[in-house]
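Dear colleague,

I am handing over the structure below, together with some notes on what was found in it. Please read the notes alongside the coordinates.

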Amino acid sequence: MELENLFEKYTGCRPEETSLLSASGSNRKYWRLTGGGCSLIGAEGTDARENRAFVALSEHFRGKGVNVPEVLAVSDDGMAYLQEDLGRESLYDAVASGRQTGEYSEKEMALLTKVISQLPDIQFLGAEGLDFNVCWPEPEFGRRLVTADLNYFKYCFLKTTGVSFNEVRLEDDFSRLASELLSENQTAFMYRDFQARNVMLKDGMPYFIDFQGGMRGPIYYDLASFVWQARAGYPDEFRRSLVDAYMGALGKYVPVDAKAFNKRLGLFVLFRTLQVLGAYGFRGKFERKPHFLESIPYAIANLRSVLDCVPEGCGYLRSVLESVALLPQDGRPEAAGTAAQERQRQPVQPSEAGLEVLVTSFSFRKGLPEDPSDNGGGYVFDCRALPNPGKYEYYRQFTGMDREVEDFFIDKPEMPHFLESVFSLADAHVRRFLDRGFTHMMISFGCTGGQHRSVYCAERTARHLAQEFGVRVRLVHREQNVTKIY
């Protein structure tokens, strides 16, 4: 492995442990390499130009006093490099409680405010003396990239929804929207993926990572990306507070007219929301990564809040987006069908069903789970052929109920293919049991330790059956001693 060779060359010893780190929407892979009392992060990219952009930008930002990781060694072909290890806590992790409950603590809000207040430093100090020709894939955010992002939305999301539209009229409004977005001169550095996952916390200080896609561009884009991140769920008042904190920090570099600034920001929140829906559509509906499918309702909720930001002269675009905003939770309209088919798709109310499905995760090492109903009906699925996060040290602290394990399976196509087969069998079985008036059914998932794969599959299956049929589902993670009722 090239990263291990780089580690040895830099430190003088071979790494004692190499652990794959969790990734999200990127094709890049990150590893933590440790040995000889040293811990470094290794990155492997698919494009040497992208890697070179990160290396050059990191060196430039550090020279300007911006907190970014130091690049320590680069492979001869530019496909891999080592960087400083900033620790294990991201801003995303630090505000997890607020994201999950929708109620952010004072500590979480103070931390988020601290980070957004440093964004103007990256944008303006980062732009000082920077040769934007080092940026990848373009030196500047221009019409080609705006058009690409709008088409990303059209082809990867809008066309999958079944919403009808006139392509020529939509393209005309896309062109008008692009002109509005690019109507101001751009002199700042645009991070392009400024979000909580890309901020690490080291000794209480924010450090910024994954800026390799940055370029010269509008400052509003990064603010919109951070404050309107789809799943963050910031309350409106707190969003306003974050924007105010940013504008206060921005005043060090340029005069700020709050009214004009907020109007223009709304335009970029709209644009960023369309780009995000395109990304969720591609990653979720084409690459079949469940986390992105689950994020679509959050992005549609954001879209509903910014429909008034569609510029004048783009009335057709607004009408299309209003149709999108009315879509159900999964971003798809109800399919047409016969009355019988429609009735079949309607969830059965628990009081009518009389069926309880027991879904269990377990370790094969400890034997099959017992069937308390003595009914013997259902399935046992073996998850041991699926990719195993337990092979990596980082994931051993988590279970299939944790977001970190969900993220692990995002880019593993084996998992959605497996669950698709499971759901097909389970759905047919549940329908037949309901027709025959059965009261108990059992579905079990086993893996080696009963911690990651089986737990993840049991969680997904329990939720699916409860939502699809409205039956009572009892979920038991035997090795975790956890029981849930749906």
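Strand 4 (residues 71-74) and strand 5 run antiparallel and are joined by three bridges, and within this pairing A73 is the residue that stands opposite L82 of strand 5. The model is a predicted one, which should be kept in mind throughout what follows. Between strand 4 and strand 5 the hairpin has five residues, and there G78 adopts a positive phi near 75 degrees.

Strand 5 also pairs with strand 3 (residues 38-44), again in an antiparallel arrangement, through five bridges, and here E44 is found opposite A80 of strand 5.

Is Y30 buried or exposed? Its relative accessibility is 12%, and because buried means under 20%, Y30 counts as buried. When its neighbours within four places in sequence are left aside, Y30 is in contact with S19, L20, L21, I41, G42, A43, D210 and Q212. With one of these residues, D210, the contact includes a polar one, in which the side chains of Y30 and D210 are joined at 2.8 Å. For S363, which lies 333 residues from Y30 along the chain, the separation between the two C-alpha atoms is 29 Å.

Notes:
Residues numbered from 1 in each chain as written. Predicted model: local features only at pLDDT ≥ 70, side-chain atom pairs only at ≥ 80, totals over all residues. Heavy atoms only, no water. Buried < 20%, exposed > 50% of the residue type's maximum accessible area, 1.4 Å probe, protein only. Contact = heavy atoms within 4.5 Å. Polar contact = N/O pair within 3.5 Å; in protein donor to acceptor, adjacent residues only side chain to side chain. Pairing = 2+ DSSP bridges. Helix = DSSP H or I, 4+ residues; strand = E, 2+ residues; numbered from the N terminus.
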